[in-house]
Amino acid sequence: MRPDSTITDNAVTITASRCLGQDVSLIAFRCPEIARNAKPGNFVNIKISPHSQPLLRRPFSIHNVDGDMVEIMAKSVGCGTILLCGSPAGAELQVLGPLGNAFTIDTPRFETALLVSGGIGIAPMRFLEKTLHAAGKKVYHVIGGKTKQDVQTRGLTNCHIATEDGSEGYRGTAIDLLRDKFDFFSGSGTVKIFSCGPNPMLKALAAFCEKKSLPCEASLESIMGCGIGICYGCTVELKNISGSGTSTILLCQEGPVIDVKRLLF
Ligand SMILES: Cc1cc2nc3c(=O)[nH]c(=O)nc-3n(C[C@H](O)[C@H](O)[C@H](O)COP(=O)(O)OP(=O)(O)OC[C@H]3O[C@@H](n4cnc5c(N)ncnc54)[C@H](O)[C@@H]3O)c2cc1C
Ligand code: FES
């Protein structure tokens, strides 16, 4: 959990909005308060419209930080995200952040980071890759999608792509590709896996990591209202860290990044 003093609520103006495909947009705004405190894995909670619809804010991973600029990558799935993806440069947003915990890039000791993502789960990976490179780690991306239209690689290096229909890269899931090429990925040293994506992918990844005794953290999703521990809208049941029993957590407070050993499927 982060100290509350680093969380700010900011009126920002979109400086650029770029369509990256049929339903994904990259949205940039200047926000020094969030940029200076953000860590990879953190998210922001955005009031997209000054009007009552949608009433609640919507959560988005921090995709990139560059100086004072913050970028998010949003996929249109409903009323809020359609409105956000359609908002042009000059539109105003109210952005609360940075929120939640972050990926752990210093423990346990590792040389190679495998960033495994599915669909819009790619969103937190650019900021994570930059931070891992700055820490001297080798980084590979394993990126999965149903088809090539679901795959985003903008700004990323060392991308290995899997599509379920074979329209780009390896034919199969991201976890099939990870399994097949693991000897190659692990050739340069000890591995830690970082992930974000749909639950079936995380389930397969958790099983793979358990079999190989690999450390792995994943960013999870839930419906969120406030993002700051007030509404209790984001409860998720997880195994206890001790391994026995389960607990219910608020994902906006103890997450969104969780050790995959704690996942219940
Ligand atoms: C910590 C966190 C980080 C996220 N980061 C990103 C990101 O970087 N980019 C991105 O595009 N999306 C991200 N999401 C998901 C995003 O917040 C939802 O897609 C968005 O809130 C949907 O709002 P809407 O008004 O468009 O959809 P609604 O009209 O509210 O709902 C449309 C459909 O989407 C489903 N839905 C709503 N919220 C979520 C959710 N949180 N997870 C899964 N399904 C949902 C609803 O059940 C419904 O079926 C993140 C979610 C969390 C919790
Ligand atoms: S989103 Fe409100 S308590 Fe987590």
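Predicted model: local features only at pLDDT ≥ 70, side-chain atom pairs only at ≥ 80, totals over all residues.
Two strands are said to pair if DSSP finds at least two bridges between them. With strand β7 (residues 92–99), β3 pairs in the antiparallel sense over four bridges, and here Asn 45 stands opposite Leu 96. With β4 (58–61), the pairing is likewise antiparallel and runs over four bridges; Phe 43 has Ser 61 as its bridge partner in β4. Four of the five residues of β3 are buried, so the strand is largely enclosed by the rest of the structure.

Stepping back to the whole protein chain, three domains can be followed: domain 1 (4–99), domain 2 (103–219) and domain 3 (220–265). Between the C-alpha centres of domain 1 and domain 2 there is a distance of 24 Å. Where these two domains touch, 13 residues of domain 1 are in contact with 13 residues of domain 2. On the domain 1 side, β5 (64–66) and β6 (69–75) each supply at least two of the residues. Sorted by class, that side holds six nonpolar, six polar and one charged residues.

Ser 61, met above as a bridge partner, turns up again at ligand 1. The ligand is surrounded by 22 residues, the closest being Ser 61, Gly 78, Gly 80, Thr 81 and Ala 123. Two or more residues of this shell come from each of β4, β6 and α2 (79–85). The shell comprises 14 nonpolar, five polar and three charged residues. Because domain 1 and domain 3 both give residues to the shell, ligand 1 lies between them.

Methods. Residues numbered from 1 in each chain as written. Chains lettered and ligands numbered in written order. Domains from an automatic or database assignment. Contact = placed C-beta atoms within 7 Å. Nonpolar A, V, L, I, M, F, W, Y, C, P; charged D, E, K, R; others polar. Near = placed C-beta within 6 Å. Buried ≥ 20, exposed ≤ 12 C-beta atoms within 10 Å, placed from the backbone.
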